[in-house]
Every structure is written in C-alpha cells, then in structure tokens.
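Visitor: I am new to this structure and would like to go through it with you. Could you show it to me before I start asking?

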Amino acid sequence: MVLRKLAFTGIKSRIKDYTVLFFGLVISSAIFYMFEALATNQDFIKANGSMVTGASFIFQFGSILLTIISLVYIFYANSFLMSMRRHDYGLFMMLGAKQRKIGQLILTETLLIGTLASLIGIVVGWLLTATLGNYLMDQMFSSKLKGFEPFFLPAAVATLALYVILFLIAGVINRFGLTKTPVLQLLKGDSEPNRPTLKKGRQLIQVVLGVALLAIGYYVMANMKLLVLMSIPVALVTIVLGTYFLFNAVFVWLVVMLKRLPWASKGLHTFTLSQLSFRIRNYTRILSIVSILFALALGAITVGIGFQRQITSMATAQSAYTLVLSDPSATVKQEVKKLDRQLTAQYDQVVTKKAVYFNADQFKNQPFESVSQESQIMNQAKAGRLQAAKYQKISVDKMQKNPQQLLLNLPNWQRSKAIRIVSGNRFSRLSGSQHKVLMLRVADLSKSQAQLKVVSEKATGQAASSLPGTFAMFTEATALFGGFEFMGFFLGIAFLAMLASCLMFKILSGAASDKRRYEMLNKIGTRPQILRRSIIQEVGVLFALPGILGVIDVLFGLQMFRGLLLSPYDQLWLPFTLFLFLYIIYYVITVMMYQRIVVPKVKIDK
Amino acid sequence: MMTTPIVSVKNIRKTYGKAGEKQYEALKGIDFDVQPGEFVGIMGASGSGKTTLLNILATLDRPTSGTVTVNQRELTTLAGNQMADFRATQVGFIFQDFNLLENLTNYENIALPLSLQNVSAKAAEPEVNRIAKQLSIEAILDKYPSEISGGQKQRIAAARALVSHPAILFGDEPTGALDSNSAKDLLEMLTTVNQEQHVPVLLVTHDPFSASYCQRILFIKDGVIGTELKRGNQDRRAFYQTILDTLGTFQ
C-alpha cells in the first residue's frame, strides 16, 4: 500500500531522530520495569521486612509518581514524534488521503513504536536489574537480598500494559489533534506571534502570589509538626503553583530587561533572548514540573546518601570498640588477625556471683578508650556536621572512679553484675571464674564489615551479631537505613532520567519549527559557530532554570528530614555533584541533537 | 571605459548527484559580469538553473567548477566562516518569502546584521532609522512581522538587506508573494536605491513586469545563458513589450 510505504520512507529519512526517541522510550520503560520488579515482588518485600522498613509505602508512592512521570514523558516524546511527522501527514492529506486512513496510520505508528520500545525496555530493564541492582545491593548490604529476582513476570506484564495503554491514549490524542488541524496549517507549521507584553499589575500579582505560595510550601516543610503527613501534599501543591507563577511573571520581565542592556545588541543575543521569550509561555508548565521532579530526584538521592553516611557516624560514635569478644577461641583469634585493626586490647577478668573484676595495671598498659565529648552523637547533631568519631584515652584514676563506663563493652551475661577495678595485687588474690575480653577497633567499619561478620559468626555461631561494640549497631542501622538509601538512589536516578528526557523532548519538539529560523540566520550571514553558541545558551537557560529552582526546593525540603536525619545539610556537595553530572550529560545530548537538527550544513560537494 | 566588475562569473558548472550515480547538470558553463551600479535581471523558466546560480553567488552553494568573484573576492576559495562573513558584510538578500524572524520586532530584524558584526546598539540606532526613513517604514518598526502586510514585510526585508551597506543587492523573486501594487512599490524603491546610492542590484525573476525595471536582462535556459537584452533608452513600458516578445521567441 502506497501510504504505508510513504510512512516508512518518512521514518527512514529521519532515522537518527527516531533512534533517540526510541532510545529514550526504551530507557524509560526499562526504569519502570526495574522499579516494578522491586515494588511488585511481595516475596522480596516480605523476606526483607526488617531491611526495607516502610518500604511498601515508599515503593507504592514511588510507583505512582513514576507512572505520572511516564505519562508526562510519553506525552512529550509523542509531541516530538508528531512534530517530525506533521509535514508528512499534511502532505498525505493534500494528496487526498482520507482522514480515517491518516488516523489509522498515526495510531499504528504510535502503537508500534510504543510496544516495540517497551518490549526492548523490559529486556534492558531485566539486564539492568541483574547487574546494577545487584551491584547496588552488594555495595549497601554486602550481600544479596533474599527473594530478589531480576526477571519478574508480573512486573514485565505491568510495564507492557501500562506503556501500551499510555501509547494508545497518546495515539488517540494525536489522531484527533492532527486530523482536526487544517491541511494548510500542517504544511506551514506554527508561526504564531507571541508578543512579550509587560502587564505590570498582573505580573506583580503573579510575583507576590508565587513568592507567597513558595513561602507557605517551605514553611510547611520546615514545620512538619503543624500538619504532619498532610504537609507533603500541601507542600507539593503550593510549591508547584508558586513555581509556575514565578516562572510566568519573572521570566518575561527578565528577558525584556536583558534586551535593554547593551549586551543584548552583540551578536545573536537579541535572537537568543527572543527565542526564550517566544517559548517561555509554552515552557512555564514543563519548567515548573521539571523543577519539582528535579527537587524530588535530588532530594531522594540526598536523603538516601544522608542515611548511608549517618549509619557509620552513628555507629562509630556509640563506642570506641567495634567488637568485644569474650574468651575468644584460637580459630576466632585467627580470624581477628585478618582484620585491619586500629586498636586491640585484651583484659583479664575475674567474675564472681555479684561482680566483675578488672586489673587496674592492665588499664595502665593498655588504656581504655571512650568517645570524646565533641564526637558524642548529640553534640555532633548540634554542630550540624557528621564526622568520623574521635576517641580519648581514660586514665586509671578516672576508670576507678567510674567503672560503669565499661558496662556496654561487657558480654551480656556479665551486665547485671557490679564492675570493680582493683590493683594488681588484689586482682591476683581474687577467687572466681577467670575470663578474658578482647576489645578491638577496626580502621574502617564499612570496609571491614565482611571480615567482621566472619569473626562474629565464629564467636557466637549466629548470623546476626549480638556482640557488644559498634558492629552490631552498624548492622542494625544498615538494615534499617539501607532500604531507604537503596530507594533514594533508585528513585532519584529514575526521576532524573525521566525529567531530563521530558525536558529534552520538549525542547527538541520545538526544533523542527526552529529550523526555518536558523536557515534564515544562515542566509543573512551568521557564522555557524555563533548559531551553535546561541543554541548552547538558549538550551542552557531552559535547563538551568528548573535546576536552580529545584536545588532551592531541595534545600528547603531537607527540613522535613530533620526528624530522621541528624544533620540533613552535611556534605551536600556529594549528592549534588553526582546529580549535576548526570543532568549535564542530558544537557549536552540535547544541545548536540538540537544543533544537528537546526544548524544548516554548508553545501559543499567534493 | 573599463571598470572592475562587481560580479564576475567565469564558466561555472554545477552538477548534482555523486559520480557514478545518475547525474544532473544544472549549470553548464555560465559567464557574465555585473558592473558597478548596474541593475541586472536574470530570467528563466522554473528549472532553468537561476536559483542555483543565485545560491552560488550568495555562497549558499558551491559550483562544481569555474570561478565567481564578487567585489574582488574569489568565492570558491572561501572557508565556512569566511562565507558567513561574506554574506553578512558584502551581500544584501531579499527573498520571495521575506525570511523575517517572526520572534523579533521589525526593528530588531533590521538591526540583526549590524549586531552580528558587533555594532553597538547606540551606533546601530541611527543606521536603522536612516534606512527606515528612506523606505518609509518608521511607523511599523516596533511591530512584529506577523502584524504587518506582505508589502511592508518586504520593505523590512529590504531594509535589513541594505542596512549594512552591502556591495551588491540580490533579489530572489522578491515580488513573488506580493500583490501588484506592493510589487510596483518595491520595484520602484529598488530602482531609487540603485540610482541614488549606486548599489548594484541583481534580480532573479520569471515575472516580465519585475524584469522591466532592469537595465539589462540575461535569459537563462537549460543551464546556459541564451539571450541578453539591454534596455538602453527605451522607457519601461516599451522595454516590457520587448521582454514579452523575447520571451515568446526564447521559449
């Protein structure tokens, strides 16, 4: 059939653009699959109940958010697709193709691309889950979680179903949108004027309203006690609206102001600024959405990393010793030797019915250590900085005055007894059962955790450490917060991939209609490199604006986690850098694609 | 008296299609000169190669062989950026579909070539106002292209082409999208510019009425120049008749 043949040649001629679109869809569905593979796998969630506390709620919340973003994403990807095909469809209609036929063609094309992309996406997602998912778990828990299946059929079905349905909706919308548009408009494309007017009164109201709404949102987040759980939806709504108003009002005003500067008349700056104001009306909505998504994604990663760092800090500030072994056997000692130790001390004990006795002379030779005042967890939280804990040596005098500080470093069965520290002479004359305690501290808790596990298993015969010392605390906290971190990372990267792709396709779908403008500029003698620079600046602003607002949102949003995190603002640079790095990659890809579409190539044969 | 021609085209050929594939020769050896201050027309039917010729003259395309010199610059040796700079400083271009940027005001459209040459806004303002006064478009400077008529758009386009004092003005069917009154206005305006400022004009058209404003017309057919017609002392109406007669026999 002629029409179908025409449609396929249309696709063939723009194969590169289709490849990017297809690639984006594959990544999107792969991420969705990865998420579903975890969220819908009840075996996995149940088996790791203690590990992923509250995970069920977070997974559901994340799942809903991801669905919404996928919808937005497909919508923009689709409008990019349509912007490439508009002219072709217009041509077919002019040639006399019936509207119904065109409608069928659109629907078939959209569905075909959608189904194919989600099928490949599921396979990619499966591979990603098997590699990346396992890697992340290895990094965080130093073991695989039970019930974790890279290929999970219900997740695959859910992904495919959702994508096919979303594409069906998109296809129907396209069909009606396109077949209702007059043929001439399809052929000529949109070149409606957009006069950036300054209506001072309205603009002022928008600014005031925007700032007020943002302030409410930030206030609610900072004072969670006021509305408790309701504060999240309230903050979301107020911040989204506030962002939208602020973008709407300030941006146009900013462009008009910039145009008055002498800078504006240099090179293509007038054009770049006009391009921005020309588009900003279309862009305020997506920029607001993107800035919120940006905040959510960055927030998720920041909080996730915050929890992870907190684990070590909290554990090491608990005690100066990682493990305390009571009467270690030869095999246990063998394993202890493999540890990278910072401090090892062995003390003799005499245990009677009522008391545990230590030899003061041994504390002279191997001083007991405790967590320094500044490193106490409460003081660290007050200072707002989490650091590796510092330790101090305790003199024998002080030990004898306050022997109770040994309590937490004693085996469980000794804890109900009184602790006495006596002179060497007295100690040797005591009668009671003789024991030894080996106290050790490793240089790096997370690096040594595998070997610590071996030691503690050999000493107790149990998998989970019940031994005194920071290691037990570390394992418990890892179980508690590791789930949070895993989710934070996962959600963060998924959100980022989706939002940056949305922005990318929104910008690229404008490229087709921009092509003519860049051709004109080329004809009147604009150097290609100046055209490229203009694109770098224009796309840069469109990426930077939601980014900046998103960062501000996160800085305020972290207030919500004051209850859960000791110091949410500690070492923010780490997640921010990681996130910006990924974001910039998207920016560079968008610029390159945009340039490829619009910058005219010099016709040089041979 | 011998003067250095402003445009000098020597035996240019243009072949489309790669070697070994089916090739099409659009230009088969074209030679002509344009003298300073001349108003020259190039006529020909669709597919005769006149747009290819104009694209080559404007460095939007390159000839397969032959040389083109515009204002003493050899075009075939120019590199990418030099070609862009050449278009920006040496050539004024008026297109059939105006090619105005609809997201810029008319003023900004006219000032664009100046800002591309990094002329400051202060220095650009008297230049834009001068050309606007000359073309009587002062009243519409603050409007956007979509808010004015086709004839006005073409005046804005002409102002943009002339604002940077080009060595030559190229017109690619500039009256093609205009009604007859606007077309007449534009052609009279081009004639005034040509006579008062001595800007040479090269007009590509298939419309005999537009061509009747030229002093000399080159007829191009199947990639070669067939006939040349000079207006001499004829008035415009008589020249129009001559063009119609020539077209009748030429085609």
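Visitor: At what angle do helix α12 and helix α17 of chain A pack?
Guide: Helix α12 (residues 330-337) and helix α17 (residues 445-460) of chain A pack at about 170 degrees, with their axes 9 Å apart. Axes are lines fitted to C-alpha atoms, for helices over the stretch in contact, and angles run from 0 to 180 degrees between N-to-C directions. Helices here are DSSP runs of H or I with at least four residues, strands are runs of E with at least two, and both are numbered from the N terminus. This is a predicted model, in which local features need pLDDT of at least 70 and side-chain atom pairs count only at pLDDT 80 or more, while totals for chains, interfaces and linings use all residues. Residues are numbered from 1 along each chain as its sequence is written, and chains are lettered from A and ligands numbered from 1 in the order in which they are written.

Visitor: Parallel or antiparallel, then, for α12(A) and α17(A)?
Guide: α12(A) and α17(A) are therefore roughly antiparallel, a label for angles over 145 degrees; under 35 is roughly parallel, 65 to 115 roughly perpendicular and the rest oblique.

Visitor: Which residues make the contact?
Guide: A:Thr331, A:Val332, A:Glu335 and A:Val336 come from α12(A), and A:Val454, A:Val455, A:Lys458 and A:Ala459 from α17(A). Contact requires C-beta atoms, placed from the backbone, within 7 Å.

Visitor: Changing topic, how many residues has the largest nonpolar core?
Guide: The largest nonpolar core has 211 residues, and A:Phe495 and B:Ala159 are among those with the most contacts inside it. Such a core is a set of buried Ala, Val, Leu, Ile, Met, Phe, Trp, Tyr and Cys residues joined through C-beta atoms within 7 Å.

Visitor: Which helix gives the most to this core?
Guide: Helix α18 (residues 470-523) of chain A gives the most, with 28 residues.

Visitor: What does A:Phe495 touch?
Guide: Beyond its neighbours within four places in sequence, A:Phe495 is in contact with A:Ile69, A:Leu293, A:Leu296, A:Ala297 and A:Ala300.

Visitor: Now chain B: where is B:Gln72 found?
Guide: B:Gln72 is in the loop between β4 (65-70) and β5 (73-74) of chain B. B:Gln72 has a positive phi of about 65 degrees, although it is not a glycine.

Visitor: Is B:Gln72 buried or exposed?
Guide: B:Gln72 counts as exposed because it has 11 C-beta neighbours inside 10 Å.

Notes: A residue is buried if 20 or more other C-beta atoms lie within 10 Å of its own, exposed if 12 or fewer, and partly exposed in between; C-beta atoms are placed from the backbone. Two residues are in contact if their C-beta atoms, placed from the backbone, lie within 7 Å.
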